[in-house]
Amino acid sequence: PASTAAAEPDTTAPSEEGEAGASDPGGSPVGVMVLGDEEIAIGSLLCYFEEQPRAGLGGVFTHTAQGRGTNAQEVAVLLDLSRARDEDGAVGDDIIVDIGEPGSEDAVSLSASGPEGLIQFGDASASVDGVEESEFGAEPVTLSFDLSCG
């Protein structure tokens, strides 16, 4: 995958080093995300599992969740999950992992999309088992996690 080692560390917020990499401050992580061969502690996962309009896209989001962590190079990692139902009734899942400061030249964004079930949503959790995410022009990276909403 694209290397995250070249990305500049996020110095706006301190981080605490844990066994599975650094996590967001404020307590123990809600789980671990495995991206390729790197374990990234996710410090928080905010979930909203009620229907909300998809502005400008039609249909509704039925599930959304966003998690934050820091990788071993102390670079910010953002995990963004959603399940949406189109106006025609088709349901699909989307996963985005952003590594680094959004908009910076060193930032890396990985994504995966698929039918409902790509992400397993529980009452207060989200999990993925071995989904391949890809960056345009790069080799796919395997992603797995089992996180609790915080």
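**View A. One aromatic pair is found in the structure.** The ring centres of Phe49 and Phe121 lie 5.3 Å apart and the planes meet at 75 degrees, so this pair is edge-to-face. (Rings of Phe, Tyr and Trp, the last by its six-membered ring, pair if their centres lie within 6.5 Å; planes under 30 degrees apart count as stacked, over 60 as edge-to-face and the rest as tilted.) The pair links distant parts of the chain, 72 residues apart: Phe49 is in the loop between strands S4 (38–48) and S5 (52–53), and Phe121 in strand S10 (residues 120–121). Strands are DSSP runs of E, at least two residues, numbered from the N terminus. Phe49 is partly exposed at 24% relative accessibility, while Phe121 is buried at 17%. Buried means under 20% relative accessible area, exposed over 50% and partly exposed in between (1.4 Å probe, protein chains only).

The model is predicted: local features need pLDDT of at least 70, side-chain atom pairs count only at pLDDT 80 or more, and totals for chains, interfaces and linings use all residues. Residues are numbered from 1 along each chain as its sequence is written, and side-chain values use heavy atoms, leaving out hydrogens and water.

**View B. Here we look at Glu74, a residue with a positive phi of about 60 degrees although it is not a glycine.** Glu74 belongs to the loop between strands S6 (60–70) and S7 (76–85). Its relative accessible area of 41% makes Glu74 partly exposed.

**View C. Strand S12 (residues 141–148) runs antiparallel to strand S3 (residues 31–35), joined by three bridges.** Met33 has Phe145 as its bridge partner in S12. Seven bridges join S12 to strand S11 (residues 125–133), again antiparallel, and Glu133 is partnered with Val141 of S12. Two strands pair if DSSP finds at least two bridges between them.

How values were computed
Helices (H or I, at least four residues) and strands (E, at least two) are DSSP runs, numbered from the N terminus.
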